[in-house]
Amino acid sequence: MGLDDDLVYHADILIFGIILIFTLASLPRAYARFSRRSEWSQGHILRSIVTLPSTKPKINLNLTLSYPVDHEKPSFDRGDSSTACAPLPSQYRISLAHVVDEKALPNVPIRDPTVSSIWHPVASVLRYRVHDNYSVNQVLLMLAYISIIFYVSFYQSDPFTDPHRAGFVITSQIPFVYALATKNNIIGMMVGVGYEKLNFLHRLVGKLMVIGANVHFIGYVYKWSLAGDIYKKLAEDYVRWGIVALVCLDLLGFCSTEYVRSKSYNLFIVSHVASLIIFLFAACYHEPTCVPYVMAACVFYILDHVVRAVKTRVTTAKLRPLPELGITRVEVPSLNAGWRAGQHVRLRVLSSSMGWWGWSEVHPFTIANVAETPEGMVLMCKKTGRWTNSLFSMAQTASYGETGMEVGRNVRVMVEGPYGGVGHTVMSSYSGAMFVVGGSGVSFALSAVPDLIQAATDMKVIDIVWSVQDPSSLNPLLPLFTTLIQKSPSARVNVHVYYTRAVSTTFNGMNLPQGITILPGRPKLDKLVNAAITNTMSAGGVNGVFVGVCGPVSLANTTARVVKDSDNRLCTAVGGVKLHEETFGW
């Protein structure tokens, strides 16, 4: 018993030590972020503030395709989609010196140094995808965690003769699995990342607990069977409570599989909540030694729900359909501040029109606009399943507004957040930025790019690479993209739209604004990333390039591979390349 205590104690101390190391490594980035006074009030709690009237164009809600057409000449090169962006012309760079008064600009934000954005060879290895979409750095963390658990489980111990060790080890992991499961993740706060970035560790610790609990039970069954008193033992109350805890863990393990999550997310949620609560009580009745660990888990769980209640707002939202994009635009005018670019909220629609259980479901969506504007918070919810299809159908319902009959309707919603985002990274501290987005993932770029333009820093180049199925998807966002290009005081903004679905419409004569291109096929990301780096260097940028990707997991994996394989000399010369990924999946 003494050896078990010592091993578990030192294992927990080692895990805390690893967390502390990552916390210390994140301090320079935390300092770079919070040295800006505005960051203390952004990214924490949604709120409403009084803003000046905005002159920004709103998304075009006209349901017909309405591109301006010039019948004299085509507006874009119909060549291969692998064509790289042209370097910045010298005359463009000279004209900026006359237009922008550098002394009038605010100080450049403190750079947030990271290994991934400075030492490219190391970052290339860490970003490499090994198996099942896990990167090398994630695999190394998981291997380290598994090694610690296996060592304390099997050191001078045989699970068939000493099954108590396995039970004691999984008991010590209860606080960690609960802390990693919370939305307001204290471990994530310490290391400067969102809860979704640590979810792979939550799943790992959960699987280890399921395995350990079964080893613990099977070991005792084997031991009792040899002693001939298995029926006597199974009749004791503490053993029965242990079986209840085991059933809860096995149910959690089964309902957490990818198949169940994708086929019945509600079953996954209900089983999680019920089993996690019952497990805590059963563990305490099974073994009093579990009580301190269960109390720690309860503290994390209760604090998380208290903070979630504080971060939740019940308000009215306007639903509008965007048929070209297959997206429902959710406008929440009563919330217009409190988030950072790239963050997401969890949305619940309080309407019987969502179905019997639809009103109880909560779904995450990236915020699609910059904070502190009169229009309020905007979400773009793509049709991908039953819930989002019901939301789109609601948005298509005609209602009466100030101008008479209009498409869309007002509904009561519950908005919780903000969460996630780029952590301690300060995007405006980089000299260049590139956003690779797919479908509704464009919401990440729509919130980040206006924020970068308003920051008035030394950002030189901003590229948006948007992959869609149909070229008509550009229509609703064309006014917004045009204004971003025209109103940028110093940074050159380019929008590259790629469509993958064959269309019968001809684009000869389409007259797109300068800076916007539309091409068939998938984007050649390797050429586009190298072009962004080259253009940033040509404009005099030496503070690195930020590459953000938001969309399907496959798009994130491709972008990560391209950034990993980028030319080391270019990446070093530009000051490093920082990759940030935003993907959601059940």
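Mentor: Axes are lines fitted to C-alpha atoms, for helices over the stretch in contact, and their angles run from 0 to 180 degrees between N-to-C directions. This is a predicted model, where local features need pLDDT of at least 70, side-chain atom pairs count only at pLDDT 80 or more, and totals for chains, interfaces and linings use all residues. Residues are numbered from 1 along each chain as its sequence is written, and side-chain values use heavy atoms, leaving out hydrogens and water.

Trainee: What do the axes of helix α9 and helix α11 do?

Mentor: The axes of α9 (residues 199-227) and α11 (residues 237-255) come within 9 Å and cross at roughly 145°. Both helices are DSSP runs (H or I, at least four residues; strands are E, at least two), numbered from the N terminus.

Trainee: Which residues of α9 and α11 meet?

Mentor: Contact means heavy atoms within 4.5 Å; among the residues that meet are F217 and W224 in α9, and Y238 and L246 in α11. By class, this contact has 10 nonpolar, 2 polar and 1 charged residues (Ala, Val, Leu, Ile, Met, Phe, Trp, Tyr, Cys and Pro are nonpolar; Asp, Glu, Lys and Arg charged; the others, Gly among them, polar).

Trainee: What is the reach of helix α1 set against?

Mentor: The expected span is 1.5 Å times one less than the number of residues. With 33 residues, α1 (residues 2-34) reaches 45 Å, close to the expected 48 Å.

Trainee: Where does α1 bend?

Mentor: At L27, by about 40°, with the proline P28 following within four residues. That bend is the angle between axes fitted to the seven residues ending there and the seven starting there.

Trainee: What is the pLDDT over residues 55-107?

Mentor: It stays under 50, on a confidence scale from 0 to 100 for each residue. Where pLDDT is low, the predicted coordinates should not be read in detail.

Trainee: What joins G417 and P418?

Mentor: A cis peptide bond, with omega about 5°; P418 lies in strand β10 (residues 409-420).

Definitions and conventions
pLDDT = per-residue confidence, 0-100.
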